[in-house]
Amino acid sequence: MLLLAFAPVLLLAVHHLHRARPGRRTTTRDIRKPNDVVVRRDFIRAMMWAAALLTLASCESGPGSAHDGPTTAPAAATSSPVSPVSPTSSSPSPSLTLPQPVTPGLTASRRTTGSAAVALTFDDGPDPAITPRLLDMLKANHVTATFCLVGSRVHSYPRLTARIAAEGHTLCNHSWSHAEHLYQRTDAQILHDLQRTNAEIRKAAPGAPIHYFRAPYGNFTPRLTGLAARLDLTSLGWSVDDQCYLIDRYGTGPAMVRHMSARVRRDTRPGSIILSHDLGKPQTLNTYRQLLPWLRTRYGLAAMPAGGLH
Ligand SMILES: [Zn+2]
């Protein structure tokens, strides 16, 4: 395309260089003469034509590639429309701006319950060592919560999955294998991952509604939440993080329990969604043993609605 556009430009430039002014013969000697300003002006004019034609050629071939590809929505949102460039302008065209990389995060997710109720969410299970004890504790305190389940773990522990659903907790799809960069996969791959996880949960707990999706590591993007919505899944973020994973700093003993409790007590408000983990986190059991009574006297604790948020 560019070559085709450039061929007449070159011919035009050569033509202008050799064109004779009316009433005057032009020779190769004339072109070299320092007083031949006219020839230079013709040359500049030819170059301006070349710039104009090249700009037209790039406008025709440019925008299509910028709007294709997996990050269609953010690219369309951030790119500016192509504006015509004057032949005399030397500034670069705004159409050359490349699409910005998508930064994943909680912005695209739901971070409050939409009511005064506070929701507890437990991620990454089921865990045969922790989840049964957590379920016992929740039952003893008459509290229901939301469990964000990893599909491959549901496959390994279907009876534990069935118990979670049977005891009135609501279920959240936390992807098949907890891949950190799930959001970078193609639409088809993401849909397959979420559908496979839903199918595994339904196999273990037939009839249990699944209306929530939590991206691994909270790495939500608008495209990912849009794909989840196609499967009737609300993207579930959080507003309080108990930081149970800061094991290097606090260990898993009393210092960690103090830290987690202090975080939750400080940050929880009516409508908060609290992020906690059951997989491999005995500190969660020790923390909630003291936190549950404290939370219950101050807030209404409720699982995310089983029917989803609309
Ligand atoms: Zn997780």
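Trainee: Where is Thr-131 found in this predicted model?
Mentor: Thr-131 lies in helix H5.

Trainee: Which residues is Thr-131 in contact with, leaving aside neighbours within four places in sequence?
Mentor: Those are Gly-125, Pro-126, Leu-160 and Asp-278. Also, the C-alpha atom of Thr-131 is separated by 9.6 Å from that of His-277, although the two residues are 146 apart along the chain.

Trainee: What makes H5 and H12 roughly parallel?
Mentor: Helix H5 (residues 131-140) and helix H12 (residues 282-298) pack at about 5°, and their axes are 10 Å apart. Angles under 35 degrees count as roughly parallel, so that is the term for H5 and H12.

Trainee: Which residues of H5 and H12 meet?
Mentor: From H5 come Arg-133, Leu-134 and Met-137, and from H12 come Thr-284, Leu-285, Tyr-288, Arg-289 and Leu-292. By class, this contact has five nonpolar, one polar and two charged residues.

Trainee: How do you know what to call the arrangement of H7 and H8?
Mentor: The axes of H7 (residues 158-166) and H8 (residues 187-204) cross at roughly 80° and come within 8 Å. The range from 65 to 115 degrees counts as roughly perpendicular, and therefore H7 is roughly perpendicular to H8. Their contact is made by Pro-158, Thr-161 and Ala-162 of H7 with Ile-201, Lys-203 and Ala-204 of H8.

Notes
Residues numbered from 1 in each chain as written. Predicted model: local features only at pLDDT ≥ 70, side-chain atom pairs only at ≥ 80, totals over all residues. Axes fitted to C-alpha atoms, helices over the stretch in contact; angles between N-to-C directions. Helix = DSSP H or I, 4+ residues; strand = E, 2+ residues; numbered from the N terminus. Parallel < 35°, antiparallel > 145°, perpendicular 65-115°, else oblique. Contact = placed C-beta atoms within 7 Å. Nonpolar A, V, L, I, M, F, W, Y, C, P; charged D, E, K, R; others polar.
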